[in-house]
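Trainee: I am new to this structure and would like to learn how to read it. Where do I begin?

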Amino acid sequence: MSDRTMPAADTLSPGSPAATGTPHIDAGDAGYSKDLKSRHVNMIAIGGAIGTGLFLGAGGRLAGAGPSLAIAYAVCGVFAFFVVRALGELVLYRPSSGAFVSYAREFMGEKGAYTAGWLYFLNWSTTAVADITAAAVFAHYWSLFSDVPQWVLAMIALAVVLTANLISVKYFGEMEFWFAIIKVAALVLFMCVGIFLVATQHEVGGHTPGLATITDNGGMFPMGMLPMLLVVQGVVFAYASVELVGVAAGETENPEKIMPKAINSIMWRVGLFYVGSVVLLSLLLPYTAFTGDQSPFVTVFDKLGIPGTAHIMNLVVLTAALSSLNSGLYSTGRILRSMAMSGSAPKFTARMNKGQVPYGGILLTAAFGVLGVGLNYLMPGEAFEIVLNLASIGILGTWGMIMLCSLMFWARAKEGKVTRPSYRLPWAPYTQIVTLIFLATVLFLMWYGGGVGQKTVNFVPVIALLLVGGWFVVRGRVAALAAARSQD
């Protein structure tokens, strides 16, 4: 194991395994550079909390649930914060590029790590399809690309981001840094314009902004409470990248100092950008003005009629989709390498290039993106909704595994086997239990809502069977590698 993967004695967290004298070493942590700086991690945290789910998904969800979507974002945001705070505590205990897969291995054994890793791969491989689909939809807004088939645009988006991701983690960090700055700047600009329009009651598309836009169009719940509950799974998808900050910890200098600040800032960003944006959108235009095939932000600027603004906002939301794709390729590459080093993923996903990038895992995720290009060819109108639901299953599974790891970590701390760091998930173990109940409720609501969501939930037993079958394929290699490590 490289000495670069072991923390210096004076930077050990009180609860780190090295500090407690019982180090848990993840072979997948060896070989990485520590090129992510504080500014990178902070912007990765922002970028993870602002993605395609807001920039594209909010339009269709506003049309389906009305202004109550803001409540759904707020509730899901609280649980997303619990998840990332639980992961943050584990990161401070032991930073790892394998993130929750590495923690699942420590607290739940190889079966837990195998399950966590492949559920995460399901999440991001399908999210990659959603991202390239969104990028293609956004590109179609411009007449220059309107005649280009959606699948061709999806392929171009995948090729561009894949190339950049394979160079080095420093390039990834820089790309994500600037992507996040663009997203934040655009949302700040939108919110400033939106507040000005509401304050001055300047007409937007023939409507006068203000509370009357909500009260005169059915109120907060124009179609009742149920539609708000049924869009929760789509809202969960919007927060899918918050755990990325935990993966980045393994390639970060001084994670003990950087991670708490990055994670704590997620909560107010959620309140400001997600809830604030949806409230403003609801005040500016009736919920019926929004559609699922156009970003709601573009819709507002379109209605304003100011030349060029809608095109600029569309470029921003296109950037958001590419940013999410960039993050997905980055994180799955690291997770798959951690799994491959323990035998639960294909050997080639452990390979690294000269830039210290695990290109094997990145290419495997990109291969599923190519399948998504085929889906865009066959079903361009439904591709985004189909993969969004599949990604939601992966997200729920990933978040559930993080909370289970956190719960088991808490239990071991109570037994005196490990020491929790000073940076902790508050109100444990109740926070973990309530979050797990919430995730189970979201799964039920997906099924209850019918349509694509119900079909996706019905597919869960198939996913479970594939996981069980896959375990029987890899368990011999996993056991052999575990035995070899125990002899070293």
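Mentor: Begin with how far apart in sequence the contacting residues lie. In this predicted model, 81% of the contacts between residues at least 6 apart in sequence join residues at least 24 apart.

Trainee: How many helices and strands does the protein chain have?

Mentor: The protein chain has 20 helices and 0 strands. Of its 488 residues, 58% count as buried.

Trainee: In which helix is confidence lowest, and in which is it highest?

Mentor: The general idea comes before the case. Where pLDDT is low, predicted coordinates should not be read in detail. Here the mean is lowest in helix α1 (residues 17-20), at 42, and highest in helix α18 (residues 430-448), at 94. Over residues 1-22 the pLDDT is below 50, and this stretch has 35 contacts in the model beyond near neighbours in sequence. The average for the protein chain is 82, with 87% of the residues scoring at least 70.

Trainee: Which residues form the nonpolar patch on the surface?

Mentor: I71, V75, M220, F221, M225, L226, L229, F444, W447 and Y448 form the patch, and together they have about 860 Å² of accessible area. Two or more residues each come from α5 (69-93), α10 (226-230) and α18. Helix α18 gives the most, with 3 residues.

Technical notes. Residues numbered from 1 in each chain as written. Predicted model: local features only at pLDDT ≥ 70, side-chain atom pairs only at ≥ 80, totals over all residues. Heavy atoms only, no water. pLDDT = per-residue confidence, 0-100. Helix = DSSP H or I, 4+ residues; strand = E, 2+ residues; numbered from the N terminus. Contact = heavy atoms within 4.5 Å. Patch = residues over 30% accessible without salt bridge, like charges linked within 9 Å, V, L, I, M, F, W, Y side chains within 5 Å. Areas by Shrake-Rupley, 256 points an atom, 1.4 Å probe, with all protein chains shown as cover. Salt bridge = Lys/Arg side-chain N within 4 Å of Asp/Glu carboxyl O. Buried < 20%, exposed > 50% of the residue type's maximum accessible area, 1.4 Å probe, protein only.
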